[in-house]
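Subject: Structure for your review

Dear colleague,

Please find below the structure that I am handing over to you. I would be grateful if you could read the notes that come after it with the model open.

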Amino acid sequence: MDIITVRNLKKCYGSGERQVRALDGVELTVSKGEFVSVMGASGSGKTTLLNMMGGLDMPDEGEVYVDGVNLSGLRESELAVFRRRKVGFVFQEYNLVPTLTVEENILFPLDLDGSAPEQGFLEEVVSLLGLEERMQSYPHTLSGGQKQRVAIARALAAKPPVILADEPTGSLDSRSGQNVAGLLKMAAEHYHRTLVMVTHNRELAQLADRVVYMENGKIGK
Amino acid sequence: MLENNNLKICRKLVRREFQFHKARSILLMGAIALVSMLCTFSFSLGFVIRDGLMYGHRIQYGSLSHILYYGLNDSQASALARHGDVKNTVSLRAVGVLSDDVMEYRSVKLAAVSPDWAEATEAVPVHGRMPQADDEIALDELTMQSLAIPPKEGEEVVLRWTPVDGGAERTDTFRLCGWWDSGMGATETCAWITQATARRLCPDAPDSVTLGVTLYRPGDLEAQAKELLYSLGIDGVTYTTNLAYNNARLRRIGTQSMPYYMINIVVAVCGILMVYSIVRISAGRNVRFYGRIKSLGMSPRQIARFMSQQAAYLCLPAVPVGWLLGFGLCIWVSPHVLLGMERHNPALLYFSPLPFVFSGLLTWLVTWAACVMSVRPVSELCPAEAMRFGNDSRMRCKNRQAGRRGRRRRTEISLMALSGFRREKGRTVLSACSLLLALVLLCILWTQYVSADEEKYVKAFSYSDYLIADASAATGLQRYNPWSCSITPEFMEALRRREEVTDVGTIRTMEVPMSADEEERAQAVAFYEGREQDGTVRKETMSGLPDWGTGYEKFRETGEYIGIAVGVDGLALSKALEDSGYAGGAFDAERFDTGKYVVAAGASSTSGISTLPVGSRVEIGGRSFEIMASVSHQSRLVTGSDSREAEFSLSYYMPAWVYEQLFPDSGIRNVTVNIDHNSQKEFEEFLCELTRDSGIQVTMRSDFQKNFRNALLHNYMIPLFVGGVLLLIGMLNYGNALVSSMLVRGKELAVYESLGMTRSQIRRMLVWEGILYGGVQIFIIVPVTSGLTWLWGRWWIAHSASAWCATWRYSLLPMWVALPVLAAAAYVIPQCCFRILMKESVMERLCAV
């Protein structure tokens, strides 16, 4: 059963001579529980595709369905709720809220939604990611690997069906990168989540069930 | 999809933002406190002006009540007091009205003490007390001065009064037990006696109550006054309404106080600019932050709440500080704007919470608007774009630099600084424009301010440095009493003995019945009945004064009129003749001193004069005089009023010694004094001491100087204040632009450093950038400000309506004060930015997002 369906997705940035075609008719489906890696050169449109799937950016043409919801038809406020409940993001630059503690960062999407966390589930996630000791710390006191583990915990906290990871190991050294990618895969499998990960790293990409290559805004062979 | 917006999270985020960015928050609070201060000040001043003007109108009415009903009986009065539309009432039982001749311009009722009425008309003794014993009386100061009653408790008071029942005029003797400043009772007040005295004086007085009514809604008083009587079935009762509540007056008051409220528009715009210029420093970071929290699912409603709470958090401590400062400023300024309120500070007297509410709301709006403006792109960008905000533009700059480096030109620090400076052209122009606007405005206002000439002003308004008036001639509402004699020979002796006194003159006046034959009065009749150059007939223009008309007709038909003998000497004589223009004959001092001649003074114009012809003989006090010259009468030389009968009169100036022979018991009405201005302070102290508790009124040179300074303050204080705030904003922009252009380049500078540039070279580069930035702006500001100020100033001095009291003085003081600050900032700010940037290691800056 497909949880993500991308149809004829097109997106251009800029205008005139400076126009860049980031996505050029992308077609993609991702099944529920699948782990898909997206690879490609810089500027091939990987991040743009991921942003479209997460409702962070709007396509010029085409449609994105996530868990049966057509993102093009959503208003701004509905998109916000969609992002809270349907997807969990893991960014290369972590995107933690610097003024909140680790615990508050993890619970942030739930807080925005006004919903209570499942205590047992959260404790399990925190323990799985090895964050028990750092729950009251602020992000600026953490290492890169720790920050990314907080970002993964945050992505899992609201139990979204889809996790989107944009080069989650890009800012980490190779050892930390391996650890984080391993954790991400393990967490997705453990909680039966669909994982779409953009990466440059061929080794990490091989962890996925399927690898998708992008080239000049199109899905390659 | 069901929305669920938890708004409590916003409060947590706002609180944490403050904890993490304390310095920026404190700076913002300072700016917000300034906005709140300006708003509180202008709103409070507007309210004070409105209430002050209202008070002025109420003074004219003589009571704080909205309606006064006269001649009510007890049951009618209590029925009105119980009416549902009536908030409260005060009542008065008058037994008579003071009928001394000198009281003719005022209505003073002899009445039994009514504390409520006294309160409503501000007729409560401030010296002594209300009467308690049978023969005691409390009076207002104007009445006492007119009747020459010394302000001393226990002083005997002899009053002529007419009972309200229409009985014959009586004279009774009382003892003074208290008095108050006339203030509101300038035209109408009470002389308080006890209930027992009132009953004793008028045992058969009719049941007549005057009722002051205060309504819940003081709109259309005339209609309400009628409606009240109609609804209670009361007939044949007269009433007056308080003109202070007249719609036209209320509109006029609104128009007069409007400029003070309008300042808030400027304050709001300036405030938004000021707060915006501070939050703009971290605008990029803020937009990226909002992009980040949007990507995690923050809804537009939550973001809106976050922003409004952020504004509220900033305002919470800052607004009360602004309230205090703004109200303090209002307390200081309002007495200079609302003149004549020396006893109470207008800001405290008319205190209202509304200015604080309005100021708080406006300040919050300003803060909110500035915060929203700084993150405006958030609403236009997708979260993905917002998270990248600010990074792309830097990339474009870097590309452009790379292109230039590609030309293989040798890289020098100064050239790199020039390149960095050129990158911020937009901000430099914006900063220069705001500084230029503020400095041109300030320098123009300053030039006008320093060009205002106090000496010219004082000369234009006063004949002499000091004009001293007898107690009965202190105001135009009093009829001058020639027998008051509050200016004594001892007083004059003490005055003349002062070393600093350079010139003294006295004026005495006496109304004398006189007559003229047909030939003699022809000149005056021709003057009043002939046409002026503009086609008007002077007699017709005087038709608004019925007493003048009666006097003139009597003069035209019978030749009888009131002549005013004016005994004048010294400075007063020279001022009376100075600028008067001789319409006939010529003044000869030697002949004048013989005591056989007088100078006739009357109304004059280019078409003639109202006096008898030169050479005519007039008889004054049984002595005959020949008119040697006729001049225009200088009414400003005397204070107080003559009788209504003398509304049409002709004046005759004669030597003071002749006047004294004719009217030996008459007092001095006015004294004119000139002094050596170096001893002004000592002389005024002496004069204050000399006139204390005497009722003598002194118009001092310092009064005119104070008026001049107050007028200057009134005209220039608020524009200068606004100009100052604009300059502050301009300087903040100047500093902010420099700071933000440097602090956002942490990564770029780290790249230079990693490529081998030393820290010292980076510091020099930043300082060069600062010097270029400051130098270019100063280079633009100095000639443009100097030129525009000179051009405007010359035009203003030639065409302005206030140029009559101005002497051209070119001053660029605000610019000379601002320039060193700008220059210092251009040198110091880059060094500070350098230190801040170098706190982080090269790697930290390279890895920073």
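The notes below take up the two chains in turn and then a few individual residues.

This is a predicted model, in which local features need pLDDT of at least 70 and side-chain atom pairs count only at pLDDT 80 or more, while totals for chains, interfaces and linings use all residues. Residues are numbered from 1 along each chain as its sequence is written, chains are lettered from A and ligands numbered from 1 in the order in which they are written, and side-chain values use heavy atoms, with hydrogens and water left out.

Chain A

Chain A holds seven helices and 10 strands (DSSP runs, H or I of at least four residues for helices and E of at least two for strands, numbered from the N terminus). Its radius of gyration is 17 Å, close to the 17 Å that the globule rule gives for 221 residues, so chain A is as compact as a globular protein of that length. The radius is taken over C-alpha atoms, and the rule is 2.2 Å times the number of residues to the power 0.38. The C-alpha trace of chain A spans about 50 × 40 × 35 Å along its principal axes.

Of the 221 residues in chain A, 55% count as buried (under 20% relative accessible area, with exposed over 50% and partly exposed in between; 1.4 Å probe, protein chains only). Among the contacts in chain A with a separation of 6 or more, 74% are between residues 24 or more positions apart; a contact means heavy atoms within 4.5 Å. Chain A exposes about 9,200 Å², 45% of it supplied by carbon and sulfur atoms (Shrake-Rupley method with a 1.4 Å probe; for residues, only the protein chains shown count as cover). The mean positions of its 24 positive and 29 negative charges are 3 Å apart. Here Lys and Arg count as positive and Asp and Glu as negative, without His and the chain ends, and each charge is placed at NZ of Lys, CZ of Arg, CG of Asp or CD of Glu.

Chain B

Chain B has 31 helices and 23 strands. Its radius of gyration is 37 Å, well over the 29 Å that the globule rule gives for 849 residues, so chain B is more spread out than a compact globule. Its C-alpha trace spans about 115 × 70 × 50 Å along the principal axes.

Chain B is divided into domain 1 (1-63 + 242-389), domain 2 (94-207), domain 3 (412-462 + 700-849) and domain 4 (466-699), with bounds from an automatic or database domain assignment. The centres of domain 2 and domain 3 of chain B, over C-alpha atoms, are separated by 64 Å. Buried residues make up 52% of the 849 residues in chain B. The centres of its 86 positive and 84 negative side chains lie 25 Å apart.

Individual residues

Asn95(A) lies in the loop between strand E6 (87-90) and helix H3 (102-113) of chain A. Its phi is near 55°, a positive value in a residue other than glycine, and Asn95(A) is buried at 8% relative accessibility.

Tyr94(A), in the loop between E6 and H3 of chain A, is buried at 11%. Beyond its neighbours within four places in sequence, Tyr94(A) is in contact with residues including Gly144(A), Arg154(A) and Leu172(A). The C-alpha atoms of Tyr94(A) and Pro168(A) are 7.8 Å apart, although 74 residues separate them along the chain.

Ala148(B) is not a glycine, yet has a positive phi of about 55°. Ala148(B) is placed in the loop between helix H5 (141-146) and strand E7 (156-163) of chain B, and is partly exposed at 36% relative accessible area.

With kind regards
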